Amino acid sequence: FEDWLPTLAELCGAKNPLAGDGISFAATLLGEAQPARPFLYREFAGYGGWQAVWVGDHKLVRKNLQKGPVATELYELTTDPSETKDLAAAEAARVQELAAILVREHVASPTFPLQTIDPK
């Protein structure tokens with residue numbers, strides 16, 4: 001959803017009125033080359049609380065952020081699109097790299113806190 005406003009603003013020749021995570025996909029709609037998104041970050045306070053980041057063919061997920069214990073899983077989506085083989089233990093450096101994005105992109109929400117990572 002965050003991409004709609006920057007896209008519509010660009011198509012209308014206007015400046016995006018909000019600072020945020022959105023990236024215009026106007027080039028795709030116009031049949032032009034679209035730069036790849038460097039990463040995609042999502043979080044959700046429901047279902048026990050989770051964060052996820054997709055970078056290239058990898059997805060890192062942190063689960064159980066409401067009550068713990070926090071579980072971190074890494075998947076290679078090209079060879080494992082069903083996310084059946086957790087690679088976190090075998091690829092610690094990749095986990096650390098992607099976890100840094102989770103930390104950087106998270107903004108604590110007073111309405112929907114993630115209990116294990118948000119300040120009390």
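Leaving aside neighbours within four places in sequence, Asp 80 is in contact with Tyr 75 and Lys 85, contact meaning heavy atoms within 4.5 Å. This is a predicted model, in which local features need pLDDT of at least 70 and side-chain atom pairs count only at pLDDT 80 or more, while totals for chains, interfaces and linings use all residues. Residues are numbered from 1 along each chain as its sequence is written, and side-chain values use heavy atoms, with hydrogens and water left out.

Asp 80 sits in the loop between β4 (71–76) and α3 (92–105). Helices and strands here are DSSP runs numbered from the N terminus, helices being H or I with at least four residues and strands being E with at least two. Is Asp 80 buried or exposed? Asp 80 is buried, yet has no salt bridge. Buried stands for under 20% relative accessible area, exposed for over 50%, and partly exposed for what lies in between (1.4 Å probe, protein chains only). A salt bridge requires a side-chain nitrogen of Lys or Arg within 4 Å of a carboxyl oxygen of Asp or Glu. For Asp 80 the nearest side chain of opposite charge is Lys 85, 7.9 Å away.

The loop that holds Asp 80 also holds Glu 83. The side chain of Glu 83 does form a salt bridge, with Lys 59, at 3.0 Å from N to O. Because Glu 83 is in the loop between β4 and α3 and Lys 59 is in strand β3 (residues 58–63), the pair ties together parts that are 24 residues apart in sequence. Lys 59 is buried, at 12% relative accessibility, whereas Glu 83 is partly exposed, at 26%. The backbone of Glu 83 deserves a look as well: its phi is near 55°, a positive value in a residue other than glycine.

Tyr 47 has a phi near 55° too, again positive in a residue other than glycine. Tyr 47 belongs to the loop between β1 (40–44) and β2 (50–55), and with 76% relative accessibility it counts as exposed. The peptide bond leading from Gly 68 to Pro 69 is cis, with omega near -5°. For background, most residues other than glycine have a negative phi, and most peptide bonds are trans.

How many salt bridges does the structure hold? The count is six, and the Glu 83 and Lys 59 pair is one of them. Another joins Arg 94 to Glu 97, with the closest N and O atoms 2.9 Å apart. These two residues are three apart in helix α3, so about one helical turn separates them. Glu 97 is partly exposed at 44% relative accessibility. The side chains of Arg 104 and Glu 105 also meet in a salt bridge, at 3.0 Å from N to O, and Arg 104 is exposed, with a relative accessible area of 52%.

At the other end of the chain, Phe 1, Trp 4, Leu 8, Leu 11, Leu 29 and Leu 30 form a nonpolar patch on the surface, with about 730 Å² of accessible area together. Patches are built from residues with over 30% relative accessible area and no salt bridge, like charges being joined within 9 Å and nonpolar side chains (Val, Leu, Ile, Met, Phe, Trp, Tyr) within 5 Å. Accessible areas come from the Shrake-Rupley method with a 1.4 Å probe, and for residues only the protein chains shown count as cover. Helix α1 (residues 4–11) supplies the largest share of the patch, three residues. Trp 4 lies in helix α1 and is partly exposed at 48% relative accessibility.

Leu 5 is also in helix α1 and is partly exposed, at 35%. Apart from neighbours within four places in sequence, Leu 5 is in contact with Asn 16, Pro 17 and Leu 18.

The whole protein has three helices and four strands, in the order α-α-β-β-β-β-α along the sequence. Its C-alpha trace spans about 50 × 40 × 25 Å along the principal axes. Buried residues make up 31% of the 120 residues. The accessible surface comes to about 7,900 Å², with 61% belonging to carbon and sulfur atoms.

Technical notes
Lys, Arg positive; Asp, Glu negative; His and termini not counted.
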